[in-house]
Amino acid sequence: MPKTPFEKASTPETFTDLSIKAPSENSAGMEALKSAVGQVSKYMNLTDALKLSLKINQKGGFDCPGCAWPDPDDERSVLGEYCENGMKAMAEEAQNKTIKTDFFAKHAVDELAGLSDFEIGKSGRLAEPMYLAKDATHYQPISWDGAFAKIAEHLNALGHSDEAVFYTSGRTTNEAAFLYQLFVREFGTSNLPDCSNMCHEASGSALTETLGIGKGSVTLDDLYKAELVMVVGQNPGTNHPRMLTALEKCKKNGGKIIAINPLPEAGLIKFTNPQNPIKLLKGGTKIADVFVPITINGDVAFVKALLIKLLEKEMVDGNVFDKEFIETFTYGYEAFITDLKTYDFDECLKASGISLELFNQVLDMVLNNQKIIICWAMGLTQHQNAVDNIREFVNLLLLKGSIGKEGAGTCPVRGHSNVQGDRTVGIWEAAPQAFLDKIEAKYGFKPRHKHGYSVIDAIKAMYEQKAKVFFGLGGNFISAVPDTKYAAEALSNCNLTVQVSTKLNRSHLVTGKEALILPCLGRSEKDYQKSGIQVQSVENSMGVVSSTKGILEPCSEKLLSEVAVVCGIANETLKGRSKINWLQYKDDYNLVRDDIEEVVAGFESYNQRLQQPSGFYLPNGARIRKFNTTSGKANFSINKMPDWKLKKDELIMMTIRSHDQFNTTIYGLNDRYRGIFNERRVVLMNREDMKERNLEERQVVNLKSHYKSVVRTANNFKVVGYDIPKNCCATYFPETNVLVPLDSFAHTAKTPASKSVVVTIEALTD
Ligand SMILES: Nc1nc2c(c(=O)[nH]1)N[C@H]1C(S)=C(S)[C@@H](COP(=O)(O)OP(=O)(O)OC[C@H]3O[C@@H](n4cnc5c(=O)[nH]c(N)nc54)[C@H](O)[C@@H]3O)O[C@H]1N2
Ligand SMILES: Nc1nc2c(c(=O)[nH]1)N[C@H]1C(S)=C(S)[C@@H](COP(=O)(O)OP(=O)(O)OC[C@H]3O[C@@H](n4cnc5c(=O)[nH]c(N)nc54)[C@H](O)[C@@H]3O)O[C@H]1N2
Ligand SMILES: [Mo]
């Protein structure tokens, strides 16, 4: 029996032999070095590995395909600005093993779908274009021209351009992303969902509305100079290890750090810089001065409690708020204060799950410091009230005048290495009219004004057969999106699914009636074109644009660059009706950058400035107190408390990353810092919650999520008692994405609420 789309989309529910140790309090250090070296030596030859590690994140080198944390402007470590997980990301991409025709001839799609994500990832690098014909069981080779023709044929057969969906993941460089959205717009749709929709979209919405720019306002230098940094809903030890070096520097300069997180993540507690041999021997730096074990989604309640006490103090002492800043630069203060006064401190504190003693420690630090930075990631953005979460923290910064001055401001820490740049150059289903007007002025066609599908809308449209072609530039759509069962049906309804990828993943196996795999160059590889080896560019989390240039030989002769793939498809699809000479761009990427300079603000002298060793900063209004909002000022906002009413037996579940994964790419089966080894099918539970349910350590359970009377199930998880607040639990994504309801998402931003899933834990009876 052939597998159903849902079966193909699911990871096997079998166990891999869990072992548990005490969670680690220290991050990085020797263990990190060992783990990185282990990973690299498994997948790469050592000369290549050394070559890469010396060039990674160096001026004129290549941008690490891991996270979007910025590189220091001035001095960079001679060992390379790398980290354990950056090395793993690199080894994964630059591995020697390739998969070609013989691999696909040997293994049927159904067979490959029976593997775990970890096993799928180990198959190797995709090395030639492959085609899955209608009703076929195996992929077969296809030429690049054949693939372009197939895509053009399907796209041109659609009744309307809106029947195609063009997804982007955040590794795509500025050059490829710009051309891609240009092609999509000339083709006639704005259906440009991207991974950002599932990631920092809520940050973009909240920050645009309150501060007039959807990006953070701080630079690395600000972090060094801050008096107080709050790290909220973020696990930097695993996901942004190089951020710990910056926090360490901040502490050295006298700064204080507060971590707000349901879990006492190792990186937040202590850090041993792997590039500092003395520290390696002597043990690390304590990172968080105060750790706040917030209940899941208790952040608005906690910040409100802080705001209430700040206001009380201000009314007595008159020196808590930055009144000059508030008067000159903000709007909506009175309404905000009137609303704040309707909340009760005790209720807010109770909802946050934090003791008064701990609260007072945080309050003192907020009262006594004037240069405050708030850093956050998915712990704030993946909730239904994600936008409120972020706006409430912005209120705190505004009261303290902590925005647009040295050592202060907002720091949403981005995920993928160029997710911010992709949005800057036009990957946006809801692009502003001013941007579309620029496109029209430059290229002479009218881009569609109607907003396109975000990720959630795209899944619905495919399910309802309103969209019939899915195209993914990078990423692993089926494993990354919520509601796996529904999403699998949605994709299988398509006539054609196309993935431009470096590695085999589940999205190649959950397909439309026909499917294509288009293998592309990775960041670390040389990009040979007519005018020579090409340089590309990326934007980091702090708005710095810099160049990236591969240094290894491509793993196969049959790879194309993403730029060449986009040009090829655009040229073939829009043949005879395009106003653009598509093929010129792939020969010389300088031409793409000249175009970006004309269309996107802030890229003056792009080609020239890209040659500056540290790149260049894009303009940022919030950084200089120029707030490009509807009121022309920084806006206070009014945010409600979320109102959770858990029924008896229900818990709130967050789906998080282990230490051995990059999103849907599973490097290994350990979550070293949390003390969990050789198993991903675990549910971390509060020990009292376990007792109440008569559950024992390692007991096998099924998880059920409950949303608007629909029950979703994920089977076979082992219970692990953990230091997590009561009524909360945690599992790894993507195994539990099946439990995340498609229609539970952040208001205004539509970020899936994958950190607040209501579940029950069902013990198996035999
Ligand atoms: N090695 C590695 N690096 C990565 C990635 C990776 O998978 N692996 N992914 C990249 C990407 S795309 C992204 S977006 C980032 C993700 O980086 P993170 O956001 O750090 O990743 P998550 O594992 O989703 O962790 C979220 C953290 O939020 C906490 N949390 C959950 N719910 C709440 C809440 O309600 N309130 C608060 N205060 N905290 C909460 C969790 O305990 C956890 O520590 O990392 C990027 N870098
Ligand atoms: N439940 C739950 N779901 C989540 C999250 C969560 O916390 N919980 N996090 C969400 C977040 S923050 C994000 S960003 C998304 C991630 O969603 P995606 O970005 O779609 O997923 P990734 O796993 O990062 O994509 C990995 C694939 O990208 C391809 N790839 C890697 N490098 C390149 C490259 O240079 N070029 C091309 N063309 N392809 C490349 C490889 O084939 C690899 O298999 O997942 C989201 N989903
Ligand atoms: Mo992300």
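This is a predicted model: local features need pLDDT of at least 70, side-chain atom pairs count only at pLDDT 80 or more; totals for chains, interfaces and linings use all residues.
Some of the contacts with ligand 1 can be followed atom by atom. In the side chain of Asn 261, an N or O atom is 2.6 Å from an oxygen atom of ligand 1. The backbone also takes part: a polar backbone atom of Gly 233 is 3.3 Å from an oxygen atom of the ligand. At Gly 379, a backbone N or O atom lies 3.4 Å from an oxygen atom of ligand 1. How much of the accessible area of ligand 1 does the protein cover? On its own, ligand 1 has 920 Å² of accessible area, and the protein covers 99% of it.

The polar contacts of ligand 2 involve both backbone and side-chain atoms of the protein. A polar backbone atom of Ala 480 is 2.7 Å from a nitrogen atom of ligand 2. A polar backbone atom of Asn 476 is 3.0 Å from an oxygen atom of the ligand. In Asn 737, an N or O atom of the side chain is 2.8 Å from a nitrogen atom of ligand 2. Of the 930 Å² of accessible area that ligand 2 has on its own, the protein covers 96%.

Helix H13 (residues 241-252) has 12 residues, which should span 16 Å at 1.5 Å a residue; the C-alpha atoms at its ends are 18 Å apart, which agrees. Is H13 mostly covered or mostly uncovered? It is mostly covered, with 9 of its 12 residues buried. Among the buried residues are Met 243, Leu 244 and Leu 247, but also Arg 242, Glu 248 and Lys 251. After H13 comes Gly 254, which has a positive phi, near 100°.

Helix H16 (residues 299-317) contains 19 residues. From its first C-alpha to its last it reaches 27 Å, close to the 27 Å expected at 1.5 Å a residue. H16, too, is followed by a glycine with a positive phi: the value for Gly 318 is near 70°.

A positive phi also turns up in residues other than glycine. One of them is Ser 605, with phi near 45°. Ser 605 sits in the loop between helix H30 (589-599) and helix H31 (606-609). Its relative accessibility is 32%, so Ser 605 counts as partly exposed. Another is Lys 708, whose phi is likewise near 45°. Its loop runs between strand E30 (700-707) and strand E31 (710-722). Lys 708 has 61% relative accessibility and therefore counts as exposed.

Helix H31 also contains Asn 607. Is Asn 607 buried or exposed? It counts as buried because its relative accessibility is 17%, and buried means under 20%. The side chain of Asn 607 has polar partners. One is the side chain of Asp 594, joined to that of Asn 607 by a polar contact of 2.9 Å. Another is the backbone oxygen of Asn 590, which lies 3.0 Å from a polar atom of the Asn 607 side chain.

The last stop is a peptide bond. Phe 733 and Pro 734 are joined by a cis peptide bond, with omega about 10°. Pro 734 is placed in the loop between strand E32 (728-732) and strand E33 (757-763).

Definitions and conventions: Residues are numbered from 1 along each chain as its sequence is written. Chains are lettered from A and ligands numbered from 1 in the order in which they are written. Side-chain values use heavy atoms; hydrogens and water are left out. A polar contact is a pair of N or O atoms within 3.5 Å; within protein, one must be able to donate a hydrogen and the other to accept it, and residues adjacent in sequence count only if both atoms are side-chain atoms. Accessible areas come from the Shrake-Rupley method with a 1.4 Å probe; for residues, only the protein chains shown count as cover. Helices (H or I, at least four residues) and strands (E, at least two) are DSSP runs, numbered from the N terminus. The expected span of a helix is 1.5 Å times one less than its number of residues. Buried means under 20% relative accessible area, exposed over 50%, partly exposed in between (1.4 Å probe, protein chains only).
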